[in-house]
Amino acid sequence: LLLLLLLVLFSMGLGMVGATGERRMASEGEGEQGRRLLHGWRRIPTTLEGPFKPKTRRFNPSLRRGSDDLPMDHPRLAKRVPSVFPEQIALAISSPTSMWVSWVTGDAQIGSGVTPLDPSSVASEVWYGTESGQYRFCQRGTATVYSQLYPFEGLLNYTSAIIHHVRLQGLEPRKRYYYKCGDSALLALSEEHVFETSPSGVSIHPYRIAVIGDLGLTSNSTATIDHLAENNPSMILMVGDLSYANQYRTTGGKGAPCFSCSFPDAPIRETYQPRWDGWGRFMEPIISTIPMMVIEGNHEIEPQIGGQTFKSYLARFAVPSMECGSNSNLYYSFDTGGIHFIMLGAYVDYNRTGAQYSWLKEDLKQVNRENTPWLVAAWHPPWYNSYSSHYQEFECMRQEMEELLYHHGVDIVFSGHVNTGTGYMRKAYLKSTIF
Ligand SMILES: [Fe+2]
């Protein structure tokens with residue numbers, strides 16, 4: 001499974017100041033030539049002026065090497081703390097003044113008969129403060145478990161460890177916080193971790209964002225994450241297809257690049273949920289310090305008993321859906337570093353008559369381009385790509401939503417899904433060069 005990493009991008013500092021000024025000038029009726037002079041580069045046409053001949057670059061076959069999955073006993077996937085202690089610690093932005101902290105305690109079970117743990121048996125606490133070792137504040141949150149059940153002969157069921165989510169509120173923007181999470185009564189708190197809240201509004205603070213999609217859990221994923229860490233981003237945008245747990249049968253073993261080809265007799269698209277726990281451990285060193293904002297991909301669907309989907313994804317990841325008025329964790333928006341991000345769900349109803357579209361319309365109306373001059377959207381499958389396997393795969397979604405995004409001047413779109421190396425340049429497309 002190939003990952004892609006686009007380590008982007010916005011050295012938003014001076015760029016952001018320029019963005020505001022340039023946008024204002026453009027809106028005052030400057031001509032095309034003026035904009036060209038202003039930018040000093042050739043005008044990029046909008047997609048509405050297309051279609052254009054795709055620009056493709058041959059896939060570099062050497063990137064295929066290292067795409068073997070990491071085994072479950074790999075040190076980066078192995079459980080490193082006693083059962084009651086927090087692991088798989090992760091951050092997600094709630095707002096410039098609030099942060100989600102998530103973690104897992106206890107032991108997941110897999111087998112023919114599994115009994116869900118009681119999520120109320122362990123407290124969900126985050127102790128935090130602005131000085132290392134001094135935790136002046138404590139915030140409590142909620143805990144949950146989920147099960148992935150397959151009522152078919154020979155298939156194994158899974159029930160998760162206890163997943164905790166706590167929202168820290170009343171933080172200061174652009175401030176460093178030190179924290180521990182866990183249950184203080186059980187003397188089971190994590191090591192100290194540190195994060196920095198994002199700047200509020202337009203800022204000259206350099207803000208660097210890493211964009212990743214289709215990460216998986218391979219040797220290439222390791223290279224990607226190490227590369228990402230070296231570049232010290234302020235935030236990670238994860239555009240779907242995370243663990244690829246659904247490339248496995250419930251009995252584990254070896255994953256397959258094509259599940260249906262390798263396991264044609266499987267009664268359902270199976271998953272091996274312990275891969276999710278491995279992924280959480282693999283990511284913890286970076287996302288316990290740098291917030292990661294996720295949107296679901298097709299590998300997160302994971303159908304199970306009763307037609308239920310996205311159980312693991314929805315239980316494991318906190319997103320600011322409540323904060324932005326979305327009624328679903330499958331789509332949401334948030335502000336950070338002068339950017340309003342819109343995260344759209346491609347595997348839920350996106351029609352104009354649906355809840356997601358209504359929410360999007362309202363959300364876009366409320367964007368304040370003075371505070372967030374950049375408007376960036378992300379969803380998993382690209383509307384434009386030149387790869388035959390995925391060509392026009394989400395044309396219906398494009399037809400429903402594209403006009404609304406154009407109308408509100410979305411500047412950049414990021415997607416994943418297309419793993420070929422072709423089409424990547426089509427993933428980020430600009431409405432115009434008027435920034
Ligand atoms: Fe995908």
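**Helix, sheet and iron site**

Helix α7 spans residues 355–365, and its buried residues are Q356, Y357, W359, L360, D363 and L364. Viewed down the axis of α7, these buried residues fall within an arc of 160°, so they line one face of the helix. The arc is that of the directions from the helix axis to the C-beta atoms. Buried means under 20% relative accessible area, exposed means over 50%, and partly exposed lies in between, with a 1.4 Å probe and protein chains only. Helices (H or I, at least four residues) and strands (E, at least two) are DSSP runs, numbered from the N terminus.

This is a predicted model, in which local features need pLDDT of at least 70, side-chain atom pairs count only at pLDDT 80 or more, and totals for chains, interfaces and linings use all residues. Residues are numbered from 1 along each chain as its sequence is written, and side-chain values use heavy atoms, with hydrogens and water left out.

What does the buried face of α7 pack against? Its buried residues pack against β17 (332–336), β18 (339–343), β19 (374–378) and α8 (395–407). Contact here means heavy atoms within 4.5 Å.

Start with β18. Five of its five residues are buried, so the strand is mostly covered. In a regular strand the side chains alternate between the two faces of the sheet. In β18 both faces are covered: I339, F341 and M343 are buried on one side, H340 and I342 on the other.

β18 pairs with β17 in the antiparallel sense, over five bridges. Two strands pair if DSSP finds at least two bridges between them. F334 has F341 in β18 as its bridge partner. T336 is bridged to I339, also in β18. The hairpin of β17 and β18 has two residues between the strands, and G337 there takes a positive phi near 50°. Four of the five residues of β17 are buried, so this strand is largely enclosed by the rest of the structure.

β18 also pairs with β19, in the parallel sense and over five bridges. I339 stands opposite W374 in β19.

Now follow the chain between α7 and β19. The loop there holds T372. Is T372 buried or exposed? At 5% relative accessibility, T372 counts as buried. Leaving aside neighbours within four places in sequence, T372 is in contact with D335, G338, I339, H340 and V367.

Next comes the iron ion. Which residues supply its protein donors? They are D241 (OD), N298 (OD1), H380 (NE2) and H417 (ND1), lying 2.1 Å from the ion. Donors are N, O and S atoms within 2.8 Å of the metal (3.2 Å for Na, K and Ca); water is not among the atoms, so sites may look incomplete. In sequence the donor residues are spaced D-x56-N-x81-H-x36-H. N298 lies in the loop between β16 (292–294) and α6 (311–316), and H417 in the segment after β20 (412–414), so the pair ties together parts that are 119 residues apart in sequence. N298 is partly exposed, with a relative accessible area of 23%. H417, at 6% relative accessibility, counts as buried.

The angles among the four donor atoms run from 86 to 165°, and the site is irregular. Four donors count as tetrahedral if all angles lie between 85 and 135 degrees; four count as square planar and six as octahedral if opposite donors are over 155 degrees apart and all others between 65 and 115; anything else is irregular.

Elsewhere, three strands form an open sheet in the order β4-β9-β8, with antiparallel pairing. β4 (109–111) and β8 (147–148) stand at the edges, each with a single partner strand, so one side of each is left without a neighbour in the sheet. β8 pairs with β9 (residues 157–159) over two bridges. S147 has T159 in β9 as its bridge partner.

Finally, step back to the whole chain. The protein has eight helices and 20 strands. Buried residues make up 53% of its 435 residues. Among contacts between residues at least 6 apart in sequence, 72% join residues at least 24 apart.

The mean pLDDT, the predictor's confidence in each residue from 0 to 100, is 85, and 82% of residues reach 70 or more. Over residues 1–40 the pLDDT is below 50; beyond near neighbours in sequence, this stretch has 91 contacts in the model. Over residues 421–435 the pLDDT is also below 50, and that stretch has 51 contacts beyond near neighbours in sequence.
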